[in-house]
Structures are given as C-alpha cells and as structure tokens.
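This report goes through one protein chain, from its overall build to a few individual residues. Please keep the sequence and the model at hand while reading.

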Amino acid sequence: MSKSILKYLAIFILINICLFFFVNKFNNLVSFNHDYYNAAVHFYEDPRINNKKFNFLKSSSVYDAQWYLEIARSGYPKLNINSKSIDLLNNDPHKYAFFPFYPLLLSLINIPINNLELTALYLSMVFMIIDFYLLYLFISLIDTKKTAIKTAFLLFVYPLSIFYRSIFSEGLFLALLLLFTIFLFKKKLYLSALFLGLSLITRANAFPFVLLLFYDFYQSNKNLLNKEKIIKFVKLISIMSFPLFMWLLFNYYQTNNLFAFLKVRDYLVKNSLFGSLITIINPLLNNLYRIIEFPFLPWHAFADSKIEVISVIIVFYLLIKSKKYLDYRLWWIAFGFWIFPLVTTSLISYSRYQVVSFPIFYYLTKKLNNWQYTGVFLTFIIGLFVLSLYFVNWYWLG
C-alpha cells in the first residue's frame with residue numbers, strides 16, 4: 001500500500017471520527033422522533049425512550065440494525081412457515097427477510113468481544129476502510145489515482161452514506177461487489193463468481209449481476225470447444241450458487257420451505273402461476289403509479305414519497321448520460337441497482353439502495369470539474385453531518 005493512499009485513508013478516518021464526535025455532542029439539536037420510533041420494530045431499546053441519556057451504540061442501532069443485531073444474537077427461528085396458522089404479523093418469520101451473511105459474520109466476530117453492539121460498530125468501521133481502499137484500487141485499475149481518490153471520497157461523504165456507519169449490511173455488500181467487479185475486469189471469473197455468490201446471501205440486489213457474469217463468461221470462452229465450455233460453465237455456476245444453495249437448505253430445514261425468505265415478503269409464493277405473476281408485476285405497476293402521482297405524494301415518508309421518486313428520476317437521468325462513458329459492466333451494475341428495486345418491491349428505501357452504486361459516483365467524479373467537485377463535496381459532507389443527527393433520532397432516511 002502506497003504512502004499516498006495511507007495519507008488519504010488517515011484523512012478519511014479523521015472525517016469519520018469528527019462525525020462521531022459531532023453526533024455524540026450535538027444529537028440533541030434534533031428532537032427524538034417518538035412517532036417513527038414507535039412505528040418501528042424493536043429488539044433493543046433506545047435509552048432515551050425512558051428519558052435516559054444518549055448512548056451512541058444503542059441510539060445508532062435504528063430500523064434494520066435492530067433486526068441484524070437480533071439475528072446475530074438469537075439466530076433464525078425454527079417454525080413451519082407453510083402452516084395456515086402461522087402468524088405473519090409476528091416478528092419471528094420476518095427475520096428470514098434479512099439475508100444471513102452479515103449477521104453470521106457479526107455473530108462470529110462477537111464471540112471474543114462479547115458485546116454485540118460494539119462489535120457491530122467496529123465491523124462497520126472496518127468495512128468502510130476496506131471499501132474505501134477497494135474502490136480506490138478498482139478505479140486505479142481503469143483510471144487515474146487522482147480520480148480513484150476523488151470517487152472514494154465522494155461516495156463516502158454522500159449524505160446517505162450514513163448507513164455505512166451503522167449496523168447495516170451495505171458495508172459488507174459493497175466490499176463483495178467491488179471484489180466481484182475487480183476480478184470480473186481481471187477476467188478471473190471463478191473468483192468473481194465466488195464473491196458474487198457471497199453477495200447473493202447478503203442482499204437480494206446482487207441478483208441482476210448473475211446475468212453480467214454469464215455474459216462475460218460467454219465473451220471470454222466463446223472460442224472454446226463446447227465440451228470444455230460446458231465444464232467451465234458448470235464450475236462457474238457451482239461456485240456462484242453454493243452459498244445460495246446452503247441458504248435455501250437452511251430455509252427448508254428451519255421452516256419446511258426452501259423459499260421462506262420470499263414467503264415472508266409474499267413474493268413468488270402464490271399457489272398458482274397466475275398468482276405468482278401478479279406478485280411480480282404488482283410492484284412495478286405500483287411504483288409507476290407512484291411516479292405518476294408525484295405531485296400528491298408527501299415530501300418524505302416511510303414509502304411512496306417525493307424524495308424516492310426524485311431518486312428514481314435522477315438515477316435514470318444519470319444512467320442515460322453515462323451510457324456512452326461507462327464501461328458496459330459498470331453501466332450494467334448501476335442499471336441493476338436502478339431497475340431491480342423498481343420491479344421487486346415498493347419505493348421504500350429506494351434512495352438507500354443507490355449508495356452502493358459506485359459507478360454513478362465514478363461517473364459524477366469524471367464529469368465534474370475541480371470547482372464543481374469541490375462544491376458537490378462540501379454540499380455532501382454538510383448534508384452527511386446534518387442527516388446524521390436525524391438518523392440517530394429515529395427519523396426515516398431513504
């Protein structure tokens with residue numbers, strides 16, 4: 001590792017230390033949102049709900065963080081999810097909606113530490129540093145080191161990058177995605193398949209990249225004899241599919257249903273082909289309707305807000321503008337993050353899903369001149385500090 005990157009890593013770490021001190025010191029500038037807090041699921045209690053002092057570890061464990069902490073502590077419940085008497089309003093079945101790789105790592109690393117929230121915060125910091133370096137490493141492979149550093153900083157001061165600093169799976173997912181991309185560009189497809197396979201049991205948003213891997217495999221091996229090509233393809237699929245196959249088996253062992261993680265979302269689990277097709281089409285139609293009714297949506301809410309629709313439109317615009325500038329692999333990654341949530345779920349968290357879309361930040365870095373970049377950077381970092389106060393006070397972000 002060069003002295004140059006070590007210097008920038010030190011600056012990056014310093015920015016995060018300042019952010020944490022800022023949150024710890026000024027969290028009371030934003031009022032605690034009791035309405036949002038009461039609407040969320042809780043396995044761990046924020047001490048402020050009982051009029052106690054702000055606790056950084058407990059008060060930054062918001063929304064999905066509660067689920068990951070609980071799964072890391074107690075695991076996934078054993079139940080018969082096919083039973084007609086199953087209560088899908090109960091919290092236990094919905095743990096299967098959260099993929100296992102992040103809580104598994106959290107649980108294993110916590111064994112010697114024995115403080116789950118501290119372990120989770122430590123893991124988030126480690127992954128942020130890893131992600132910063134991997135993003136720098138990848139962009140350096142395809143562009144200049146200056147562009148690589150600027151891209152890394154731009155992504156990690158983006159206001160919604162606050163999720164990298166809490167107990168969410170974004171940090172792990174971005175690391176796996178970058179490793180997948182690095183090895184894809186280096187034509188080391190088996191290693192690329194390995195990290196894609198691990199991505200598939202971290203977040204569902206990795207599924208569009210299976211097509212990208214298959215396409216690059218075809219491009220790299222189209223001159224081989226059919227028998228050799230088939231053998232290599234089977235090996236590629238086996239490497240990529242093994243983590244997901246183990247997750248499916250675990251679902252079956254625990255719930256009597258291979259697709260328990262889909263059933264709790266009521267997706268692709270209907271009793272008829274028509275019913276399954278409807279559950280696929282409905283999210284897209286609903287989201288298109290939300291875009292049409294934009295003027296009547298609230299500015300910000302748990303879902304179906306103007307903010308989310310604006311995110312859809314801005315990312316779509318950037319995709320169009322970047323089509324002729326980005327390598328097709330990078331463009332497909334950005335496109336996957338844009339389209340997959342639109343066709344599989346509501347607009348809830350749509351803006352957050354885009355924080356791992358590193359090709360968009362690379363494109364922005366390339367298109368902004370020095371003054372524009374400085375302005376965007378300063379706007380982002382101010383937004384990050386301001387948004388962090390709302391984040392720890394249980395306001396819904398992205």
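## Burial and overall build

In this predicted model, 53% of the 398 residues of the chain count as buried. The accessible surface of the chain comes to about 19200 Å², and carbon and sulfur atoms contribute 66% of that area. The secondary structure consists of 19 helices and 0 strands.

A compact globule of 398 residues would have a radius of gyration near 21 Å, and because the chain has 21 Å, the two agree. Taken along the principal axes, the C-alpha atoms fill a box of roughly 70 × 60 × 50 Å. Among the contacts with a separation of 6 or more, 71% are made by residues 24 or more positions apart.

## Charge and confidence

The chain carries 36 positive and 18 negative side chains, and 11 Å lies between the centres of the two sets.

The average pLDDT of the chain is 90, with 94% of the residues scoring at least 70. Over residues 267-277, however, the pLDDT is below 50, although this stretch has 16 contacts in the model beyond near neighbours in sequence.

## Helix 4 and its cover

Helix 4, which spans residues 64-74, has 9 of its 11 residues buried, and it is therefore largely enclosed by the rest of the structure. The buried residues are Asp64, Ala65, Gln66, Trp67, Tyr68, Leu69, Glu70, Ile71 and Ala72, a set that takes in the acidic side chains of Asp64 and Glu70.

Which elements cover these buried residues of helix 4? The cover includes helix 5 (91-94), helix 6 (101-113), helix 7 (116-142) and helix 17 (350-353). Just after helix 4, Gly75 takes a positive phi of about 80°.

Most residues other than glycine have a negative phi. Is Asn114 buried or exposed? Its relative accessibility is 66%, so Asn114 counts as exposed, the cut-off for that class being over 50%.

Trp394 also has a positive phi, near 65°, in a residue other than glycine. Trp394 is found in the segment after helix 19 (370-391), and because its relative accessibility is 0%, Trp394 counts as buried.

Lys229 lies in helix 12, which covers residues 226-255. Leaving aside residues up to four places away in sequence, Lys229 touches Phe217, Asn221, Lys222 and Leu224. Between Lys229 and Tyr218, which are 11 residues apart along the chain, the C-alpha atoms are separated by 8.8 Å.

Leu284 is found in helix 14, residues 273-292, and with a relative accessibility of 30% it counts as partly exposed. Not counting residues up to four places away in sequence, Leu284 touches Leu342 and Val343. Leu284 and Val157, which are 127 residues apart in sequence, lie 31 Å apart in space, C-alpha to C-alpha.

Terms used:
Residues numbered from 1 in each chain as written. Heavy atoms only, no water. Helix = DSSP H or I, 4+ residues; strand = E, 2+ residues; numbered from the N terminus. Rg over C-alpha atoms; globule rule 2.2 N^0.38 Å. Buried < 20%, exposed > 50% of the residue type's maximum accessible area, 1.4 Å probe, protein only. Contact = heavy atoms within 4.5 Å. Areas by Shrake-Rupley, 256 points an atom, 1.4 Å probe, with all protein chains shown as cover. Charge placed at Lys NZ, Arg CZ, Asp CG, Glu CD. pLDDT = per-residue confidence, 0-100.
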